[in-house]
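Have the 3D view open and follow along.

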Amino acid sequence: MSDPWESLHTTALLGTDRRPLPQPTGESPAHRAVDRTDPATALLELAALETVRRRAGALPSPVTEPLAAPAPEDDRPELPAPAARRLSLLLGTRGGGTTLANLTELLPQWLTTARARGYRPPAVLVPALLDAARARSELRPDAVALAGPLGRWLAPRNPDWRFVLRTTAGEPAETAGPGDDRLWHEGLFAERVTHLTLVRRTDPAAGLALLRSTWSTERAEDRLLFLDALQDGLSPADEPFLEAALGDRSKNVRATAAELLSTLPGSTLAGRMAERARAAVRLSDRGTHLLVTPPAECDQAMQRDGIPLKSPTGRGERAWWFGEVIAAAPLALWHESTGLTPDRLLALRVGDSIDETNSSWADDLREAWARAAVRQQDADWARALLGPAPAPSPPESRRARPPRTTGAPGKLLSVLPPAERAAWTAAFIEVHGLGEAFQLLGACAAPWTPPLSTAVVAALARAAASGAYPWSHSGVLGMTERALAPETAAAVEALVADTAPATAWAETFTRLAGTLRFREAMLAELAS
């Protein structure tokens, strides 16, 4: 007898109009019940019945390989049941309607908190957790740490999860030790970068030796990222290697080496930049002006020290060279050469060395100092450049334009301690609102402190009352759902009650309040 499945397969390929349906002998009652008036439908029904018959009669294949050893034991406590249900929701569901934000945006905060609490997820959720981390690389360190031994046991069994074996959670114990060079010589590029970074954190000298051993054979784009990894544990011991990298054939590598050297105040490059900076800026004889003499040319020595001949933005050549010199010079030199503090230096007028009344170099000087403060992580200079936190003042001052700050204020804020950042930003928002606060809020650690959260909620209330549209603050609103302190939920709910229903602001406040309550419950479950 011919194989019924093959007959069905041939009929499907040729078409029921060219080949009639097979008529196997010994049909079951289920086969006889198939309505054959529509041959195409009947063909599908017969194929379904044949599939069931074939599967019902299948025998297990003999075991030819020994079963794999089970996953190692994980002695961490399992997530509380409510937290496990919350994780399942975050991994597979988006907020509905206007009541909640996109729940997947809350997953990073959940993972970070659960990892800090030392929990492990239920085994059934580990595959979904690894799938989420595969799709979003920023989740991987926390997700891999949370998945633990089971995640690493599963990874080789699914090609989609190979990233687990290349992901570390920032703990040196999870990767090969400094003396093990196998991963450095045989690993993928991402694995090598991670390995170098972790070795640098535990033994900077060993990390430098590792990089030296293969430096001459690396591709230029790889050398650039390897060099960037030296930021961890950077010290004067790295200076000879970085000085040699100033002669690299790649201009990007040379620029990165120069930037690293400029963060070492005692480096030879920093000394060379200091000499150039002294020649470019000096205190006037009367002590009332800073006089600027920008470089007249960019010689070979300057180019070797990381100053490009041409500005990538089309800026004037002398202004470009001047800015690069000042940004790379140690900030300590200005007090040494003038005896003045950053506040007093910034209060001086800036003039041309020929004409003291020409203040055209003032912005260039302050901008370069701001870059130096960020590069050298100098909090005193960052405070001076930002200026004092705006003081709460009468309502009429709220209409004033925010003060013009030098450079990117968010980057200057990032140099300050977290609490000081939040306090400065809260004061700014109280006076100037949210219009120019996006970068400042982005520099503040999340969740925001209660005072900063309160200032943001009050500013949202003022924006709603002013007649502005919510989408004019869409960037800030996106951050509030993730970063507002959950304790402000009641204040946001009060805004819902005070806002006209069926309006854009009512919808916005309702969604924000729901998200805050969700986060409040989420964090409470992980604290139990």
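Predicted model: local features only at pLDDT ≥ 70, side-chain atom pairs only at ≥ 80, totals over all residues.

- Three strands make up an open sheet with mixed pairing, in the order 1-2-3.
- Strand 1 (281-283) and strand 3 (349-352) sit at the edges, and each of them pairs on one side only.
- On average, neighbouring strands here are turned by 30 degrees against each other, direction ignored.
- Strand 2 (residues 289-292) and strand 3 run parallel and are joined by four bridges.

**Two packed helices**

- Packed helices are described by the angle and the distance between their axes.
- For helix 26 (residues 474-483) and helix 28 (residues 504-527), the axes come within 8 Å and cross at roughly 25 degrees.
- Angles under 35 degrees count as roughly parallel, so helix 26 is roughly parallel to helix 28.
- On the helix 26 side, the contact is made by Leu477, Thr480, Glu481, Arg482 and Ala483. Helix 28 brings Thr508, Arg511, Leu512, Thr515, Leu516 and Arg519.
- Sorted by class, that contact has four nonpolar, three polar and four charged residues.

- Is threonine 499 buried or exposed? Threonine 499 has a relative accessible area of 17%, so it counts as buried.
- The side chain of threonine 499 reaches the backbone oxygen of leucine 495 at 2.5 Å.
- Setting aside neighbours within four places in sequence, threonine 499 is in contact with Trp505, Ala506 and Phe509.
- Alanine 502 lies in this loop too, but alanine 502 is exposed, with a relative accessible area of 87%.

- Most residues other than glycine have a negative phi, and most peptide bonds are trans.
- Alanine 502 has a positive phi, near 60 degrees.
- Glutamine 377, in the loop between helix 20 (362-375) and helix 21 (379-386), has a positive phi near 50 degrees.
- The peptide bond from alanine 446 to proline 447 is cis, with omega near 0 degrees. You'll find proline 447 in the loop between helix 24 (438-442) and helix 25 (450-465).

Definitions and conventions. Residues numbered from 1 in each chain as written. Heavy atoms only, no water. Axes fitted to C-alpha atoms, helices over the stretch in contact; angles between N-to-C directions. Helix = DSSP H or I, 4+ residues; strand = E, 2+ residues; numbered from the N terminus. Parallel < 35°, antiparallel > 145°, perpendicular 65-115°, else oblique. Contact = heavy atoms within 4.5 Å. Nonpolar A, V, L, I, M, F, W, Y, C, P; charged D, E, K, R; others polar. Buried < 20%, exposed > 50% of the residue type's maximum accessible area, 1.4 Å probe, protein only. Polar contact = N/O pair within 3.5 Å; in protein donor to acceptor, adjacent residues only side chain to side chain. Pairing = 2+ DSSP bridges.
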